[in-house]
Amino acid sequence: MPNQLTVTVNGAEVIVPSGATVAVAVVLAGQACRMSVTGEPRGPLCGMGICFECRVEIDGNRHVRSCQTVCAQGMDICTEK
Amino acid sequence: MMSREQRQHFDVLVIGGGPAGQAAAVCAAESGVRVGIVDDNPSLGGQIWRAEAGGPQLDQKSNGQPNTPAAKWAQRLRASGAEVLCGLRVVDQPEERVLLAEGSSGFRELEYEKLVLATGARERFLPFPGWTLPNVMGAGGLQAMVKGGLPIRGKRVVVAGTGPLLLAVAAYLRKHGAQIPLICEQASWSSLARFGTALVRWPNKIVQGLQLKRDLAGVQLAANSWVLAAHGQATLESAVVCHAGKVESISCDYLACGFHLIPNVELPSLLGCTISHGRVQVDDFQQTTVPFVYCAGEPTSIGGVEQALIEGQIAGLASAGQETEARTLFAKRKKARDFAKLLDRTFCLRSELRSLPLSETTVCRCEDVPYSRLHQHTSWRAAKLQTRCGMGPCQGRVCGPATQFLFKWNPDSIRPPVFPARVETLAVLATQSATQLDLQHSEVTGGQ
């Protein structure tokens with residue numbers, strides 16, 4: 001298993017350690033996971049799938065909890081607007 | 001409709017793959033019954049035994065023998081023959097003794113004779129100005145992120161809130177290269193001193209405490225201290241704390257803030273188990289008020305990993321009919337539960353924390369409901385109906401415990417699905433309830 005892999009966050013390539021969660025990839029990309037209903041940037045809070053603040057779109061699937069999803073090579077991640 | 005092949009049957013089905021769930025699954029499976037263990041995370045371990053990204057797997061051996069409790073239980077679980085189902089989240093019980101679970105590749109029906117609920121706990125979050133800024137996380141939340149691959153070396157992390165988790169997280173982060181300028185514990189020195197004295201009954205906790213003390217040598221731990229606000233433009237830049245009566249601003253990259261733990265009782269509640277004071281009520285054999293449904297670990301009381309392992313073993317043995325064996329663990333459990341009571345007493349929240357939110361401070365993060373729109377309501381239900389507080393995707397898991405503390409509101413009853421589910425999954429539920437209605441209808445009309 002390679003030590004690192006590459007994913008894209010909003011089109012930009014990000015290198016993450018293998019086994020990293022998508023939430024980590026988004027933070028490493030310097031992006032907020034989503035914008036709140038009043039337009040505030042939000043990032044991960046609970047880290048365990050409870051709070052839904054880290055939800056993003058992964059390979060076309062919307063509202064996926066990024067903290068409970070492990071990165072795969074080439075994964076296409078889009079933060080929620 | 002779903003085909004029969006997608007339905008799996010278990011004598012004992014365990015929900016939750018942390019210490020309690022693993023112990024239950026091991027003990028039930030070693031008794032010779034067919035066991036399944038379900039977890040919504042990509043791998044087992046729960047929060048406390050969460051493995052590090054790219055690190056050794058839990059059951060990896062060192063010198064031929066597993067060398068940690070987590071590794072020992074993981075190895076025993078593997079040998080027990082229990083079927084492990086990860087990445088599956090239970091959303092509802094569409095019919096008697098059948099749970100519907102959703103995963104990335106669709107849904108599955110899990111049929112059981114006996115059910116063990118080991119749903120663990122989550123951190124309690126309290127709102128304060130700036131707590132919604134990115135990089136303000138739970139204490140356990142940040143630890144989970146670091147275990148999930150977030151680089152923390154050289155980062156400045158203020159750790160704040162209450163409970164033993166703060167020290168464990170601070171020690172973990174420091175070991176991974178973080179700088180910890182301050183740990184703010186809201187409990188008083190006197191209650192921490194009473195806690196320390198009472199620990200003589202639990203020598204292993206003293207050993208753990210001394211290890212933490214060594215790991216945190218040189219780190220400032222302040223009691224009677226709490227966070228007042230987080231500041232930053234798009235992301236966190238500094239934390240303002242009330243530190244022994246003085247207000248201090250500390251620049252930091254992360255604020256790790258959690259106020260002890262809240263049992264996850266949503267699924268037990270959905271299944272009809274009696275919940276009292278936020279805890280699932282169980283009998284001596286860990287059986288809930290619903291026959292055939294057992295509960296173990298944090299949902300019954302916040303006692304930590306030792307209690308979870310003992311309760312898990314009792315639930316696993318009892319659910320597999322090994323009641324005599326289960327009885328041998330009762331004395332150990334009593335002692336573990338006394339420790340849980342000590343935790344509750346020591347880390348109860350001070351009333352000053354109720355005045356942290358300003359009128360514009362967000363309380364419900366899903367729906368962006370500010371404090372000013374909530375405080376005039378008299379109940380959680382009224383606030384939900386009028387403001388949408390608690391009606392977003394977290395279903396009140398974050399703002400529910402917060403408003404319970406802030407306004408003394410009681411939580412509402414739970415409705416399915418217990419987690420937001422995809423339309424395909426909901427369609428299964430709809431089809432099944434329609435079938436049930438048809439059946440009821442034909443019974444009433446005497447059939448077709």
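Why does A:Ile50 count as buried? The legends below take up this residue after a short note on the model.

**Note on the model.** The structure is a predicted model, in which local features need pLDDT of at least 70 and side-chain atom pairs count only at pLDDT 80 or more, whereas totals for chains, interfaces and linings use all residues. Residues are numbered from 1 along each chain as its sequence is written, and chains are lettered from A and ligands numbered from 1 in the order in which they are written.

**View 1. A:Ile50 and its surroundings.** A:Ile50 counts as buried because it has 24 C-beta neighbours inside 10 Å; a residue is called buried if 20 or more other C-beta atoms lie within 10 Å of its own, exposed if 12 or fewer, and partly exposed in between, with C-beta atoms placed from the backbone. In chain A this residue, A:Ile50, sits in the loop between E4 and E5, where helices (H or I, at least four residues) and strands (E, at least two) are DSSP runs numbered from the N terminus. Leaving aside residues up to four places away in sequence, A:Ile50 touches B:Arg122, B:Cys394 and B:Arg397, a contact being two residues whose C-beta atoms, placed from the backbone, lie within 7 Å. From A:Ile50 to A:Gly11 the separation is 39 residues in sequence and 27 Å in space, taken C-alpha to C-alpha.

**View 2. The side of chain A that touches chain B.** The contact takes 31 residues from chain A and 30 residues from chain B. On the side of chain A that touches chain B, at least two residues each come from E2, helix H1 (22–28) and strand E4 (41–42) of chain A, and H1(A) gives the most, with three residues. The residues of this side of chain A divide into 18 nonpolar, ten polar and three charged, where Ala, Val, Leu, Ile, Met, Phe, Trp, Tyr, Cys and Pro count as nonpolar, Asp, Glu, Lys and Arg as charged, and the others, Gly among them, as polar.

**View 3. The five-stranded sheet of chain A.** Five strands of chain A form an open sheet with mixed pairing, in the order E2-E1-E7-E5-E6; two strands pair if DSSP finds at least two bridges between them. Strand E2 (12–17) and strand E6 (61–65) of chain A are the edge strands, each pairing on one side only. On average, neighbouring strands of this sheet are turned by 40° against each other, direction ignored, the axes being lines fitted to C-alpha atoms, for helices over the stretch in contact, and angles running from 0 to 180 degrees between N-to-C directions. Strand E1 (residues 4–9) and strand E7 (residues 76–78) of chain A pair in the parallel sense over two bridges, and A:Thr8 stands opposite A:Asp76 in E7(A).

**View 4. The partners of A:Ile58.** Strand E5 (residues 55–58) of chain A pairs with E6(A) in the antiparallel sense over three bridges, and E5(A) also pairs with E7(A) in the antiparallel sense, over two bridges. The bridge partner of A:Ile58 in E6(A) is A:Asn61, while in E7(A) the bridge partner of A:Ile58 is A:Ile77. E5(A) and E6(A) form a hairpin with two residues between them, and in the turn A:Asp59 has a positive phi of about 50°.

View 5. Helix H2 (residues 69–80) of chain B has twelve residues and reaches 16 Å from its first C-alpha to its last, close to the 16 Å expected at 1.5 Å a residue, the expected span being 1.5 Å times one less than the number of residues. The buried residues of H2(B) are B:Ala70, B:Trp73, B:Ala74 and B:Leu77; seen down the axis of H2(B), they fall within an arc of 100°, so they line one face of the helix, the arc being that of the directions from the helix axis to the C-beta atoms. Helix H1 (19–30) of chain B is included in what covers the buried residues of H2(B). H1(B) is itself mostly covered, with twelve of its twelve residues buried, and these buried residues pack against strand E1 (7–15), strand E2 (35–39), H2, strand E6 (106–117) and helix H8 (305–319) of chain B. Just after H2(B), B:Gly81 takes a positive phi of about 85°, and just after H1(B), B:Gly32 takes a positive phi of about 100°.
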